[in-house]
Amino acid sequence: MAKPAVRHSLQDIHGKWKPSKARSEDTVNACLRAVRLYEEFTNNLPIEELTRELGGAFRTWLEHPDRKTTSKTARDRLIWVKSLLQFAAQDLGLIKQSPWTGIDIEFRTTNKRRPWHPAELLKLFSQPLHTAYQLPANNKAGKDAAYWIPLLGLYTGARLGELAQLRVIDVHIDTAVPMLVITNEGDGQHVKTKAGLRDVPIHSELIRLGFLD
């Protein structure tokens, strides 16, 4: 009597992909979110039963206005699922080839960010927080970070997430020019891309305001 054919869920593939090389927790979780969307749409269909038509339908579902996601988010989630299918084919040999190769979502910029106007910056930094160092009373409001992060953003151009994760040891003052070290080496630290690992000079105005203290 022939053995029943083995079927693999995308969750199975994720479990084999996760330890295949060093990956950050954020990367693993981002991929897992895409797997859950796949399970929601396909009713957790085994990868051996996928068709190209279903891939096109999944793409349409991800882009549907009711989901209220940007084209970039939808594209990222589709790419994660396609990456797992590619891994199942090329690395694990569980399927001959990924049935969804070539199915993509065009990335469209939906909300262009504009620079702050001088009047807006003046209004922001004219508040008592910055003129008199009146820190927020609410413990969840960031305390000293509420004062420094807007200034660091203004004078470094770094992403807010990069600034909010800085530690004291990431401020280097033993160099000719004091530096902020944007790194992913600390517990819970991450950067968006490898290019995000960098040293950023600390502006003289930040030093004048007492940041190094």
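Here are a few exercises on this predicted model, each with a worked solution.

Residues are numbered from 1 along each chain as its sequence is written. Local features need pLDDT of at least 70, side-chain atom pairs count only at pLDDT 80 or more, and totals for chains, interfaces and linings use all residues, while side-chain values use heavy atoms, with hydrogens and water left out.

**Exercise 1. Find the buried residues of helix H1 and say what covers them.**

- Step 1: Buried means under 20% relative accessible area, exposed over 50%, and partly exposed in between (1.4 Å probe, protein chains only). Helices (H or I, at least four residues) and strands (E, at least two) are DSSP runs, numbered from the N terminus.
- Step 2: Go through H1, residues 10-17; the buried ones are Leu-10, Ile-13, His-14 and Trp-17.
- Step 3: Look down the axis of H1. The buried residues fall within an arc of 100 degrees (taken from the directions from the helix axis to the C-beta atoms), so they line one face of the helix.
- Step 4: Recall the general rule: an α-helix has 3.6 residues a turn, so residues three or four places apart point the same way.
- Step 5: Check the cover, where contact means heavy atoms within 4.5 Å. It includes helix H2 (25-42) and helix H4 (71-90).

**Exercise 2. Work out the strand order of the three-stranded open sheet.**

- Step 1: Two strands pair if DSSP finds at least two bridges between them.
- Step 2: The order is S1-S2-S3, with antiparallel pairing.
- Step 3: S1 (171-172) and S3 (198-201) are the edge strands, each pairing on one side only.
- Step 4: Zoom in on S2 (residues 179-182): its antiparallel pairing with S3 runs over four bridges. Leu-180 has Val-200 in S3 as its bridge partner.

**Exercise 3. Trace the aromatic pairs around Trp-148.**

- Step 1: Rings of Phe, Tyr and Trp (its six-membered ring) pair if their centres lie within 6.5 Å; planes under 30 degrees apart are stacked, over 60 edge-to-face, and the rest tilted. That rule gives 10 aromatic pairs.
- Step 2: Take Tyr-147 and Trp-148. Their ring centres are 4.8 Å apart and the planes sit at 85 degrees, so this pair is edge-to-face.
- Step 3: Check burial. Tyr-147 is buried at 5% relative accessible area, and Trp-148 is buried at 12%.
- Step 4: Move on to Trp-148 and Phe-211, another edge-to-face pair, at 5.2 Å centre to centre and 65 degrees between the planes. Trp-148 lies in helix H7 (residues 144-156) and Phe-211 in the segment after helix H9 (204-208), so the pair ties together parts 63 residues apart in sequence.
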